[in-house]
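Colleague: I have a model open and could use a hand reading it. Can we go through it feature by feature?

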Amino acid sequence: MEQFLATVCTHEWNRCQDAGRSFAEGARLLKAEHPNEAELIDAYGARFHEMMPGRYPARVEILAELRAGGTPLYLLSNFRPRPSRRRSKRFDFLRWSVVC
(Lines give C-alpha, C1' and ligand atoms only; values in the text may rest on other atoms or scores of the structure.)
Protein backbone atom coordinates (compact mmCIF):
# COMPACT_ATOMS: atom_id res chain seq x y z
CA MET A 1 0.00 0.00 0.00
CA GLU A 2 2.76 2.46 0.94
CA GLN A 3 4.54 1.79 -2.34
CA PHE A 4 1.29 2.26 -4.31
CA LEU A 5 0.54 5.58 -2.60
CA ALA A 6 4.12 6.79 -3.00
CA THR A 7 4.38 5.94 -6.69
CA VAL A 8 0.88 5.74 -8.22
CA CYS A 9 -1.87 7.59 -6.30
CA THR A 10 0.55 10.20 -4.99
CA HIS A 11 -0.16 13.38 -3.03
CA GLU A 12 0.53 15.41 -6.16
CA TRP A 13 -1.96 13.33 -8.17
CA ASN A 14 -4.59 13.71 -5.42
CA ARG A 15 -4.08 17.47 -5.32
CA CYS A 16 -5.21 17.64 -8.94
CA GLN A 17 -8.55 16.03 -7.98
CA ASP A 18 -8.79 18.48 -5.07
CA ALA A 19 -8.30 21.28 -7.62
CA GLY A 20 -11.29 20.09 -9.65
CA ARG A 21 -10.15 17.29 -11.94
CA SER A 22 -12.61 14.41 -11.90
CA PHE A 23 -11.51 11.09 -10.49
CA ALA A 24 -12.38 9.46 -13.82
CA GLU A 25 -9.95 11.75 -15.65
CA GLY A 26 -7.26 11.27 -13.01
CA ALA A 27 -7.71 7.51 -13.14
CA ARG A 28 -7.49 7.54 -16.94
CA LEU A 29 -4.17 9.37 -16.77
CA LEU A 30 -2.81 7.05 -14.08
CA LYS A 31 -3.84 3.91 -15.97
CA ALA A 32 -2.02 5.18 -19.06
CA GLU A 33 1.10 5.71 -16.96
CA HIS A 34 0.70 2.58 -14.77
CA PRO A 35 -1.31 0.03 -16.81
CA ASN A 36 -0.38 -2.83 -14.48
CA GLU A 37 -2.01 -0.98 -11.57
CA ALA A 38 -5.41 -0.40 -13.24
CA GLU A 39 -7.28 -2.72 -10.87
CA LEU A 40 -5.80 -1.04 -7.79
CA ILE A 41 -6.52 2.42 -9.20
CA ASP A 42 -10.17 1.45 -9.65
CA ALA A 43 -10.25 0.01 -6.11
CA TYR A 44 -8.77 3.25 -4.77
CA GLY A 45 -11.66 5.19 -6.30
CA ALA A 46 -14.36 2.71 -5.33
CA ARG A 47 -13.19 2.51 -1.72
CA PHE A 48 -12.22 6.16 -1.21
CA HIS A 49 -14.99 6.64 1.36
CA GLU A 50 -13.24 4.12 3.64
CA MET A 51 -10.27 6.48 3.94
CA MET A 52 -12.31 9.33 5.41
CA PRO A 53 -12.26 9.46 9.18
CA GLY A 54 -15.50 9.33 11.13
CA ARG A 55 -17.54 12.13 12.64
CA TYR A 56 -16.30 14.43 15.37
CA PRO A 57 -19.32 14.37 17.71
CA ALA A 58 -18.42 17.53 19.66
CA ARG A 59 -18.11 19.51 16.42
CA VAL A 60 -21.38 18.15 15.04
CA GLU A 61 -23.04 19.14 18.33
CA ILE A 62 -21.80 22.71 17.88
CA LEU A 63 -23.13 22.74 14.31
CA ALA A 64 -26.50 21.46 15.54
CA GLU A 65 -26.69 24.25 18.12
CA LEU A 66 -25.81 26.87 15.51
CA ARG A 67 -28.37 25.45 13.11
CA ALA A 68 -31.07 25.36 15.81
CA GLY A 69 -30.32 29.02 16.54
CA GLY A 70 -30.85 29.98 12.90
CA THR A 71 -27.20 30.66 12.08
CA PRO A 72 -26.49 30.12 8.37
CA LEU A 73 -23.96 27.33 7.87
CA TYR A 74 -21.49 27.25 5.01
CA LEU A 75 -19.20 24.45 3.99
CA LEU A 76 -15.72 25.17 2.72
CA SER A 77 -14.45 21.95 1.19
CA ASN A 78 -12.84 20.36 -1.81
CA PHE A 79 -15.78 17.93 -2.05
CA ARG A 80 -18.18 18.21 -4.95
CA PRO A 81 -20.86 20.88 -4.41
CA ARG A 82 -23.49 18.28 -3.49
CA PRO A 83 -22.36 15.40 -1.30
CA SER A 84 -22.79 11.91 -2.67
CA ARG A 85 -25.58 9.76 -1.27
CA ARG A 86 -23.06 7.62 0.61
CA ARG A 87 -21.35 10.66 2.12
CA SER A 88 -24.69 12.30 3.00
CA LYS A 89 -25.81 9.17 4.79
CA ARG A 90 -22.58 8.90 6.76
CA PHE A 91 -22.20 12.64 7.37
CA ASP A 92 -25.80 13.87 7.44
CA PHE A 93 -24.73 17.27 8.78
CA LEU A 94 -23.28 18.10 5.36
CA ARG A 95 -26.85 18.70 4.17
CA TRP A 96 -27.27 21.48 6.75
CA SER A 97 -25.00 23.89 4.92
CA VAL A 98 -25.86 26.42 2.24
CA VAL A 99 -24.26 25.57 -1.08
CA CYS A 100 -23.01 28.62 -2.95
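**Pocket, salt bridges and cysteines**

Modeller: By class, the second largest pocket is lined by seven nonpolar, no polar and two charged residues. Here Ala, Val, Leu, Ile, Met, Phe, Trp, Tyr, Cys and Pro count as nonpolar, Asp, Glu, Lys and Arg as charged, and the others, Gly among them, as polar. Bear in mind that this is a predicted model, where local features need pLDDT of at least 70, side-chain atom pairs count only at pLDDT 80 or more, and totals for chains, interfaces and linings use all residues. Numbering runs from 1 along each chain as its sequence is written, and side-chain values use heavy atoms, with hydrogens and water left out.

Colleague: Which residues line the second largest pocket?

Modeller: A pocket is an open set of points on a 1 Å grid over the protein atoms alone, where a 1.4 Å probe fits, with protein on both sides within 12 Å along at least five of seven lines; lining residues have an atom within 4 Å of a point. In this case they are Met1, Phe4, Leu5, Leu40, Ala43, Tyr44, Arg47, Glu50 and Met51. The elements giving two or more residues to that lining are α1 (2–7) and α4, helices being DSSP runs of H or I with at least four residues, numbered from the N terminus.

Colleague: How many salt bridges are there?

Modeller: Side chains of opposite charge can pair when their charged atoms come close. The rule asks for a side-chain nitrogen of Lys or Arg within 4 Å of a carboxyl oxygen of Asp or Glu, and the count comes to three. Arg47 pairs with Glu50, with the closest N and O atoms 2.8 Å apart; both residues also line that pocket. Arg28 and Glu25 meet at 2.7 Å, N to O, and they sit three residues apart in helix α3 (residues 23–33), about one turn.

Colleague: Which parts of the chain does the Asp42 and Lys31 pair link?

Modeller: Asp42 and Lys31 form a salt bridge at 2.5 Å, N to O. The pair links distant parts of the chain, with Asp42 in helix α4 (residues 38–46) and Lys31 in helix α3, 11 residues apart.

Colleague: What about the cysteines: how many disulfides?

Modeller: A disulfide is a covalent bond between the sulfur atoms of two cysteines. With a cut-off of 2.5 Å between the sulfur atoms, the count is zero.

Colleague: Is Cys9 buried or exposed?

Modeller: Buried means under 20% relative accessible area, exposed over 50%, partly exposed in between (1.4 Å probe, protein chains only). Cys9 is buried at 3%, while Cys16 is partly exposed at 34%.
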